Amino acid sequence: MKNPPRGRLFFANPGPTNIPDSILRAMQHATVDFMSEDFLEIYDACTEGLKRVLGTKQHLFYYTGSGHAAWEASLVNLFSAGDKLLIVESGYFSDHWAKMAQGLGLATEQVRADWRRSVDLAAVRAALAADTAHSIKGMCVVHNETATGATLPLAEFRKALDETGHPALFLVDTISSLGSIEFRMDDWGIDCAVGGSQKGLMLTTGLSFTGASEKAMAAHKASTLPKHYFNWTLMLERRHKSFIGTVPISFFYGLKEALRLIEEETLPGVWARHHRLAEATRRAVRHWSGNNGPALFTTNPARLSDSVTAVMMPEGHDAEAVRRTAYERFRVSLGGGLGPLGGKVFRIGHLGDLNEPMILGTLAAVEMSLAANSVPHAAGGINEAMRFLAETQPAAKAA
Ligand code: PLP
């Protein structure tokens, strides 16, 4: 953009997200030997800290690559050609995990869902119960579907596996939930948790990881899909128990600071802050939806996401025009609609390093952009968000 308005860009995409200054500074670190004792001390502390955020005492493997790298690692380490996966449809990201599985030579069965309503657990239970031969080797669930703004109840999916006595591995994409929405890998019996650096962890893009259970490690030993850079067995032979190549040290200086910030706030405090800012956003959108205005994309109230809100435009109005105005005139970057939702939906990211004035600034810019594009809406959504934030307190920090 030529001559952008002055002032800081308000980054309200649902990932990557804002990076706190202290993390930016921590990542600006001179090169050190990744085998040096000084670095290994930081590295090991990061691994322990990230395991606490994941809620696991089991295994953790890192990759230099975005979330897609960890998706691929989860599949090639656990399965063999022709193995069948049950993919729970949530939206664009579950579709793309399925496409990747197919590209790697795996068979997929999808539990279909209405993207707005979000999947019916009875359909998941039925698919598992129908598989009496246990030909399904893994069930893949995206915890928080970033394209639609829906969060899936992972404990219920675990229950579906247990109640049907199905032995499939439970794989979960926690890319836009970890560090924002409650996630408990071991408590919820998750065998492989896929995560990335650039959302709730408030880091730059390019570090991803998988938590792996003991059951996953046993399946890994039998898996024959080709792998090398992602191979967990090769990783375990190395001092870092990860990384077949050079260790990207700057990520770990950043991760150390991110973990310090998260643990200072406490995980329940982080989850509560996200819930409150998400609720303020939803109140604004619900208000706008009057007068045939834009509405919450997710229509299932139990599934509304605390890290991203997808907003469905009224028929005949272009979400991209609203996004363009927000960006060019008000310097607020919003997320666009993905796949079939292109032009129909815009997304407000409210995760990571975010506080009340930041979300209010974003909501004000959205409301002004709706008006500037003559999109019908009930004016004053921003007032609803302000009222809610004024009347509620940020969560008290847990001891
Ligand atoms: N899964 C989810 C839920 C995501 O939100 C994203 C990216 O936004 C991905 C997977 C893909 O991750 P990446 O873009 O880091 O490769």
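Predicted model: local features only at pLDDT ≥ 70, side-chain atom pairs only at ≥ 80, totals over all residues.

Student: What about S66 and D173?
Tutor: S66 has a polar side-chain atom 2.6 Å from an oxygen atom of the ligand. For D173, an N or O atom of the side chain is 2.6 Å from a nitrogen atom of the ligand.

Student: Which other residues surround the ligand?
Tutor: The surrounding residues, those with a heavy atom within 4 Å, include G67, H68, W71, F93, N144 and K199.

Student: W71 is on that list. How is its ring placed against that of W97?
Tutor: The ring centres of W71 and W97 are 5.8 Å apart and the planes lie at 10°, so the pair is stacked. Rings of Phe, Tyr and Trp (its six-membered ring) pair if their centres lie within 6.5 Å; planes under 30 degrees apart are stacked, over 60 edge-to-face, and the rest tilted.

Student: Where do the two sit in the chain?
Tutor: W71 belongs to helix α3 (residues 67–78) and W97 to helix α4 (residues 92–103), 26 residues apart. Helices are DSSP runs of H or I with at least four residues. Both W71 and W97 are buried, meaning under 20% relative accessible area with a 1.4 Å probe, protein chains only.

Student: And F183 with W188: what is the geometry there?
Tutor: Their centres are 6.1 Å apart and their planes at 85°, so F183 and W188 form an edge-to-face pair. Both residues are buried.

Student: Changing topic, how many residues does the largest nonpolar core have?
Tutor: It has 55, and F183 and F252 are among those with the most contacts inside it. Such a core is a set of buried Ala, Val, Leu, Ile, Met, Phe, Trp, Tyr and Cys residues joined through side-chain atoms within 4.5 Å.

Student: Which helix gives the most to it?
Tutor: Helix α9 (residues 249–265) does, with eight residues.

Student: What does F252 touch?
Tutor: Leaving aside residues up to four places away in sequence, F252 touches F39, I42, Y43, C46, Y62, L207, F243 and V247, where contact means heavy atoms within 4.5 Å.

How values were computed
Residues numbered from 1 in each chain as written. Heavy atoms only, no water. Buried < 20%, exposed > 50% of the residue type's maximum accessible area, 1.4 Å probe, protein only. Polar contact = N/O pair within 3.5 Å; in protein donor to acceptor, adjacent residues only side chain to side chain.
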